[in-house]
Amino acid sequence: MSALVEINFDGIIGPSHNYAGLSLGNIASSTNAGATAYPREAALQGIAKMRHNLDLGLAQGFFMPLDRPNEGWLGQLATTVVDAEPHLRAAAFSASSMWAANAATISPAPDTRDGKCHLTVANLQTMPHRSHEWPGTLAQLQLAFADREHFAVHAPVPSPFGDEGAANHMRLCAGHDSQGIEIFVYGKSGGPFPARQHIEASQAVARKHGLGPDRAIFAQQAEIAIAAGAFHNDVVAVANERVLFTHEQAFEYPDALYDWIRSAMPEAEIIIVPADRVSLADAIKSYLFNAQLVTLPNEGGMALILPSEARDNDAVWGYLTDLVAGNGPIRRLCPVDVRQSMANGGGPACLRLRVVTDPLKVDQRFMATPEKLDKIARTVAECWPDSIHPGQLSDPKLIAAIREARHRLLEICQLSELGQ
Ligand code: SUG
């Protein structure tokens with residue numbers, strides 16, 4: 001018998017972390033365009049979050065940062081780091097693979113026809129700086145989940161169908177190890193902003209994963225939510241086991257979705273946050289829904305691992321305090337500081353990819369322990385650049401330092417084969 005648990009794989013924040021304002025529709029990214037970023041501090045914040053979650057008794061894994069600047073990609077565009085136009089250079093430098101919620105979509109073994117855990121790497125084709133992540137991500141998924149008896153790792157859905165991975169996918173189930181229902185959220189339009197997840201991509205992923213038609217639903221993201229800055233659904237909704245925690249204005253047709261959930265899974269509990277308690281604008285500023293909603297293994301009940309920005313917002317914190325004071329399933333609030341990632345629109349939940357499986361089936365090099373996190377933190381403290389300003393991106397010394405830093409990390413994690 002194998003024990004299926006939820007493992008959160010966090011993207012280690014890479015040494016090229018910077019604020020280049022690359023994501024139209026992501027308000028934090030646009031607001032902070034041109035600011036100085038602090039890659040070392042950023043990565044240490046991410047590691048502290050992983051440590052916090054390990055301390056709660058949760059299973060934790062990680063992914064390596066990708067090789068940046070991506071000269072191969074610039075080569076396909078017939079240019080180089082030195083010659084590229086600034087927006088292409090910045091796209092080649094982006095450390096955006098840190099947001100592992102966009103790495104892939106996962107359907108755990110109890111949900112799939114062949115009883116394997118299926119993973120489809122996301123093509124991220126809507127944003128140029130993210131469109132070249134998938135080959136590096138796929139290489140890691142193929143290593144981490146190499147056990148073919150238990151995992152099926154799929155290539156991305158082809159263009160032009162945008163797929164942004166687990167950030168637009170939620171699973172409800174009685175317990176992680178029981179059969180669940182899967183909600184794929186896609187966008188049609190978002191006012192001035194692009195809808196990044198296309199229904200054709202979501203449906204293709206569901207077919208590849210072998211989900212029964214009665215176990216999956218495709219729900220449209222509200223146009224007003226995208227227009228307000230919810231470029232991914234995980235900025236306005238999150239699910240864990242039998243609980244869906246969502247903003248009232250997250251979905252275009254919320255009642256149809258809720259009815260389907262209630263009939264497919266009568267024990268589901270839907271917690272709807274009304275707009276008159278928390279406006280869409282406050283939800284997006286504070287990222288309260290970009291929390292990790294987790295089941296606490298040691299004490300039972302659920303906790304929200306929230307960005308500290310949620311505590312700083314009176315309306316949001318007032319709502320959350322009332323929520324945990326009630327008799328509902330969410331009992332604890334745990335604010336964490338991931339401000340460096342937040343300034344690019346990535347909260348605690350963006351930084352992780354959830355995989356429900358037996359941790360012993362995963363390549364152990366990708367699994368975190370407190371000692372490994374200490375080692376990783378020491379390498380980050382020694383090698384990650386202190387600060388990066390977008391104007392510095394063509395500096396050969398910075399480029400060499402970024403490459404060396406990643407190589408040192410791969411070495412200490414015994415993952416040098418990921419090299420390029
Ligand atoms: O795709 N930001 C990311 C943030 C991703 C958040 N992920 C989830 N919601 N799951 C994005 O917009 C900003 C990069 C820059 O501007 O330099 C960026 O790519």
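Colleague: Where is the place of His17?
Modeller: His17 lies in the loop between strand E1 (5-11) and H1. Helices are DSSP runs of H or I with at least four residues, strands are runs of E with at least two, and both are numbered from the N terminus. This is a predicted model, where local features need pLDDT of at least 70, side-chain atom pairs count only at pLDDT 80 or more, and totals for chains, interfaces and linings use all residues. Residues are numbered from 1 along each chain as its sequence is written, and side-chain values use heavy atoms, with hydrogens and water left out.

Colleague: Why is His17 called buried?
Modeller: Its relative accessible area is 0%. Buried means under 20%, exposed over 50%, partly exposed in between, with a 1.4 Å probe and protein chains only. So His17 is buried.

Colleague: What makes the link between the side chains of His17 and Gln340 a polar contact?
Modeller: The distance is 3.0 Å. A polar contact needs a pair of N or O atoms within 3.5 Å; within protein, one must be able to donate a hydrogen and the other to accept it, and residues adjacent in sequence count only if both atoms are side-chain atoms. Tyr19 also makes a side-chain polar contact with His17, at 3.4 Å.

Colleague: How do you know that the span of H2 is close to the one expected?
Modeller: H2 (residues 39-55) has 17 residues and reaches 24 Å from first C-alpha to last. The expected span is 1.5 Å times one less than the number of residues. Among the buried residues of H2 are Ala42, Ile47, Met50 and Leu54. After H2 comes Gly57, with a positive phi near 95°.

Colleague: How many residues of each class line the second largest cavity?
Modeller: The lining has 7 nonpolar, 14 polar and 2 charged residues. Those nearest its centre are Ser23, Ser96, Trp99, His129 and Asn344. The volume is about 200 Å³.

Conventions: 1 Å grid on protein atoms, 1.4 Å probe; cavity = no way out; pocket = protein on both sides within 12 Å on 5 of 7 lines; lining within 4 Å. Points joined across faces, edges and corners; volume = space filled by probe spheres on them. Nonpolar A, V, L, I, M, F, W, Y, C, P; charged D, E, K, R; others polar.
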